[in-house]
Amino acid sequence: MSSRFRHPARGADGAGDLDGLRRKDSRRWGARPHARVVTGAPITPPELTRRDAARQKFGLTDDRPVLVMTGGSQGSLAMNRLIADWLRDGGVANAHLIWATGRGTYQEFAHHHLPPDVTVVPFLDPMADAWAVADLCVARAGMMTLAELCAWGIPSVLVPLPTAAADHQRHNAEAMAAAGASVVLEQAGLTAQHLGDTLTALLADAPRRTAMATAARMRGKPDAAQVIAERCEALIGPGGSQ
């Protein structure tokens, strides 16, 4: 993917927000200020009505908060091992954990599957079921993940991928933290105890999670796909596809 389309993810909510870029970068990439439209990333809009069915799917019958862990579409071995170490040390005692490991490393962590307390899956499909029940998420800081977290209004602990091109995940995560929607933990030097202490504190602090959720939701653009389509049609004009 070219840098022209990668860097705008610094808007941290998947907005492709060029306003956050330096003017010289905007000129270099050929962006015309008068033509900018901040749309958001095209995601499936949240379906809040699926919450009850999703809770039944995951066997959630009590009022303990739900933590969702995802390392992205392919999973994150580093994050998976931190979560596994946290569990071995007695973590997530007062919460449910829904943990998507990624298909490549699922077998290494499948033995932690003890539903409904700990649900370990290689991949969450549809992801919306997890978002519908999530009270907190620990994740990487890619554009699409953040777009969905904001649209659903889910507070998060973000561990940016340190090898991401141009360090864009760190920029994403910092913007989310500045908005009050996320806590950022750098992977370098991160221990299971530090991660676990951060998650445990947030899981026990419902008012703080509520404030973070509100901040995330304010950044959300759940109708981005529709806006993009309408904008394209407007630019093409009548008969433009012929």
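R170 is partly exposed, with a relative accessible area of 25% (buried means under 20%, exposed over 50% and partly exposed in between, for a 1.4 Å probe and protein chains only). The structure is a predicted model, in which local features need pLDDT of at least 70 and side-chain atom pairs count only at pLDDT 80 or more, while totals for chains, interfaces and linings use all residues. Residues are numbered from 1 along each chain as its sequence is written, and side-chain values use heavy atoms, with hydrogens and water left out.

R170 forms a salt bridge with E174, and the closest N and O atoms of the pair are 2.7 Å apart. A salt bridge is a side-chain nitrogen of Lys or Arg within 4 Å of a carboxyl oxygen of Asp or Glu. R170 and E174 are four residues apart in helix 8, which puts about one helical turn between them. Helices (H or I, at least four residues) and strands (E, at least two) are DSSP runs, numbered from the N terminus. E174 is partly exposed as well, at 37% relative accessibility.

The structure holds nine salt bridges. One of them joins D117 to R64, with the closest N and O atoms 2.8 Å apart. Another salt bridge is formed by R81 and E108, whose closest N and O atoms are 3.1 Å apart. R81 belongs to helix 4 (residues 77–88) and E108 to helix 5, and the pair links parts of the chain that are 27 residues apart. Relative accessibility is 41% for R81, which counts as partly exposed, and 37% for E108, which is likewise partly exposed.

In soluble globular proteins, nonpolar side chains tend to be buried together. A nonpolar core is here a set of buried Ala, Val, Leu, Ile, Met, Phe, Trp, Tyr and Cys residues joined through side-chain atoms within 4.5 Å. The largest such core has 30 residues, and V68, L124 and W131 touch the most other members. At least two residues each are supplied by strand 1 (66–70), strand 2 (96–100), helix 6 (127–133), strand 4 (136–139), helix 7 (143–152), helix 8 (168–178) and helix 10 (206–219). Helix 6 gives the largest share of this core, six residues. Leaving aside residues up to four places away in sequence, L124 touches F58, V68, I98, A100 and A130, contact being heavy atoms within 4.5 Å. A second, separate core comprises 28 residues, among them L97, F109, V157 and L202.

The second largest pocket holds about 250 Å³ of space. Pockets were located on a 1 Å grid over the protein atoms alone, a pocket being an open set of points where a 1.4 Å probe fits, with protein on both sides within 12 Å along at least five of seven lines; lining residues have an atom within 4 Å of a point. Grid points are joined across faces, edges and corners, and the volume is the space filled by probe spheres set on the points. The second largest pocket has 15 lining residues, and R51, A134, D135, G153 and R217 lie nearest its centre. Helix 6 and helix 10 are the elements that give two or more residues to this lining, and helix 10 gives the most, with five. The lining of the second largest pocket has nine nonpolar, two polar and four charged residues. In this classification Ala, Val, Leu, Ile, Met, Phe, Trp, Tyr, Cys and Pro count as nonpolar, Asp, Glu, Lys and Arg as charged, and the others, Gly among them, as polar.

Some backbone features lie in loops. The peptide bond from P115 to P116 is cis, with omega near 5°, and P116 lies in the loop between helix 5 and strand 3. The bond from D125 to P126 is also cis, with omega near 5°; P126 is found in the loop between strand 3 and helix 6. V92, although not a glycine, has a positive phi of about 55°. V92 is located in the loop between helix 4 and strand 2 and counts as buried at 11% relative accessibility. D167 is not a glycine either, and has a positive phi of about 55°. D167 is found in the loop between strand 5 (156–158) and helix 8, and is partly exposed, with a relative accessible area of 23%.
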